[in-house]
Amino acid sequence: MDLIDGDKFTPSYYFMDRAFADLSIVERSQLVPLKKLISIIPYSFDDTIGTFAKITSSSLSENYLDSDIDFADLERNAEKHTLMTQANGGYCHFAHNRVLVGKIQNEEGNMLIGIDHDLFHFETNTEMLSMDYLLKELTSPYVLEQARLLSGGVLLGGLSEGEFLSIQIVVPAFEKQNEMLLDDSKKGYADKSEEVQRNFDEF
């Protein structure tokens, strides 16, 4: 793999180019690696016995519009040797040719929760990127293709932290991000309305 910037986790443009085949010239000019946009939230190892809420891949969604995680609905198991992290932030999981995302925001007191070792937990470190837009891009086809290329062509297991942070996303102006999110919300609402109508007609 060719490298740039002396970073062993930064694939060359030529290696990753096919992941960006469907992007416009403008979109390609707006590509930014995640390492410049987010901070990984560290976890700690807790060997006490207790009942903790826990984030797993089943807590996440392939659709960023359904990515809000209700803290009260998380599974709670009495476990020992649990990886613990603060609750608030975004979550991402890569496996089986899928990208799953989720987020917990404004959890009072930012309580500690258990987390599976193969989930990435992060926060944005720039005011020019919203969490919702980040999750939207993480579930896009060009990000999944980058993950596949980093995994050797087939995304079966997860990515390393370095590989994850090397993934690039399109970052337009903040106003444009909000426009795209609003359009997706309207489409999602319309799709759900159509589904409700179909179910009513079938009934």
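**Entry 1**

I took two strands as paired where DSSP finds at least two bridges between them. Helices (H or I, at least four residues) and strands (E, at least two) are DSSP runs, numbered from the N terminus. The model is predicted, so I kept local features at pLDDT of at least 70 and side-chain atom pairs at pLDDT 80 or more, while totals for chains, interfaces and linings use all residues. Residues are numbered from 1 along each chain as its sequence is written, and side-chain values use heavy atoms, without hydrogens and water.

I then checked the cover of strand 6 (residues 82-86): 4 of its 5 residues are buried. Buried means under 20% relative accessible area, exposed over 50%, and partly exposed in between (1.4 Å probe, protein chains only).

I traced an open sheet of 4 strands, in the order 2-10-7-8, with antiparallel pairing. Strand 2 (38-40) and strand 8 (98-104) are at the edges with a single partner strand each, so one side of each has no neighbour in the sheet. From one strand to the next the twist averages 30°; axes are lines fitted to C-alpha atoms, for helices over the stretch in contact, and angles run from 0 to 180 degrees between N-to-C directions. I looked at strand 7 (residues 89-95) and strand 10 (residues 120-124), which run antiparallel and are joined by 3 bridges.

**Entry 1: aromatic rings**

I paired rings of Phe, Tyr and Trp (its six-membered ring) with centres within 6.5 Å; planes under 30 degrees apart count as stacked, over 60 as edge-to-face and the rest as tilted. The count by this rule is 5 aromatic pairs. F94 and F120 form an edge-to-face pair, 6.5 Å centre to centre with 70° between the planes. F94 is in strand 7 and F120 in strand 10, so this pair ties together parts 26 residues apart in sequence. I read a relative accessible area of 1% for F94 and 10% for F120; F94 is buried, as is F120.

F94 also forms an edge-to-face pair with F164, at 5.8 Å centre to centre and 65° between the planes. This pair links strand 7 to helix 5 (residues 161-166), with F94 and F164 70 residues apart. I found both F94 and F164 buried. Ring pairs link F94, F120, F122 and F164 into a cluster.

I located K54 in strand 4 (residues 50-55). K54 is buried, at a relative accessible area of 14%. Its side chain makes a polar contact of 3.3 Å with that of D116; such a contact is a pair of N or O atoms within 3.5 Å, where within protein one must be able to donate a hydrogen and the other to accept it, and residues adjacent in sequence count only if both atoms are side-chain atoms.

In helix 3 (residues 131-138) I found 7 of the 8 residues buried, so the helix is largely enclosed by the rest of the structure. Among the buried residues are K136 and E137.

**Entry 2: totals**

I noted 6 helices and 11 strands in the protein chain. Of its 203 residues, 41% are buried.
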